[in-house]
Amino acid sequence: MPADLNGYWKMISNDNFEEYLKALDVNVAIRKIATLLKPDKDIVHDGDHIVIKTLSTFKNYNMDFYVGKEFEEDLSGVDDRKCMTTITWDGDKLVCVQKGEIEGRGWTHWVEGDELHLELRAAGAVCKQVFKKT
C-alpha cells in the first residue's frame, strides 16, 4: 500500500548534500548557497497524481507527475539538465529514476511516523534528507 505523502514538511537534516551537488556538476558558488538552505516540501498526493513543491528562499522547484508514467523533466531549477523520469511505488516507497547525462540518478521518498525521508542519488553520491510534518 503506497504511503500518504500529503502535507507540509520542514527539513530537519541534510546529510552529504554538497557531495550530491558535486556529482551533478553544480558550480561551487551555487553549491555553497544550496548547502545553507533548509527547504520545505509541500506535497499534494491524490491517487496516482502527485505534486511535490520544494520551497526555499533561493529557488523553488515544482514536480507534477503521475506515478508510472515516464515524462521529460526539466531540471533548470536544479542543475540545468533535462532527463526522462519515471516514478513508481516500491511497496510504501516512492522511487524515481532519472535517465540522462548523470549515471544512477534518482531519489526515493518514504514516511516513517511524522517524518518524510528523501534519499537523493547521482553518480554514486548519496544524500539523505529528513523532513518533519507540520
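## Cavity, pocket and sheet

Modeller: The largest cavity has a volume of about 30 Å³. Bear in mind that this is a predicted model.

Biologist: Why is this called a cavity?

Modeller: Because a 1.4 Å probe fits at its points but cannot get out. By this rule the count comes to 1 cavity of 30 Å³ or more.

Biologist: Which residues line the largest cavity?

Modeller: R81, K82, C83, G100, E101, I102 and R105. By class, that lining divides into 4 charged, 2 nonpolar and 1 polar.

Biologist: Now the largest pocket. Why is it called a pocket?

Modeller: Because its set of points is open, with protein on both sides within 12 Å along at least five of seven lines. The volume of the largest pocket is about 730 Å³.

Biologist: How many residues line the largest pocket, and which lie nearest its centre?

Modeller: There are 35 lining residues, and F17, T54, Y61, G77 and V78 lie nearest the centre. By class, the lining holds 19 nonpolar, 9 polar and 7 charged residues.

Biologist: Which elements supply that lining?

Modeller: Among those giving at least two residues each are α1 (17–23), α2 (28–36), β3 (49–55) and β4 (61–66). β8 (106–112), β9 (115–122) and β10 (125–133) also supply at least two each. The largest share, 3 residues, comes from α1.

Biologist: What does UniProt place at residues 7–24?

Modeller: An unreviewed UniProt entry places "domain: Cytosolic fatty-acid binding proteins" there. In the model, residues 7–24 are 39% helix and 50% strand, and their end C-alpha atoms lie 28 Å apart.

Biologist: What is the strand order in the sheet of 10 strands?

Modeller: The order is β4-β3-β2-β1-β10-β9-β8-β7-β6-β5, in an open sheet with antiparallel pairing.

Biologist: What makes β4 and β5 edge strands?

Modeller: β4 and β5 (71–74) each pair on one side only. From one strand to the next, the twist averages 25 degrees.

Biologist: How do you know that β5 and β6 pair?

Modeller: Two strands pair if there are at least two bridges between them. β5 and β6 (residues 82–90) have 4 bridges, in the antiparallel sense, so they meet the cut-off.

How values were computed:
Residues numbered from 1 in each chain as written. Predicted model: local features only at pLDDT ≥ 70, side-chain atom pairs only at ≥ 80, totals over all residues. Heavy atoms only, no water. 1 Å grid on protein atoms, 1.4 Å probe; cavity = no way out; pocket = protein on both sides within 12 Å on 5 of 7 lines; lining within 4 Å. Points joined across faces, edges and corners; volume = space filled by probe spheres on them. Nonpolar A, V, L, I, M, F, W, Y, C, P; charged D, E, K, R; others polar. UniProt positions renumbered as here; feature names shortened; annotations may be inferred. Axes fitted to C-alpha atoms, helices over the stretch in contact; angles between N-to-C directions.
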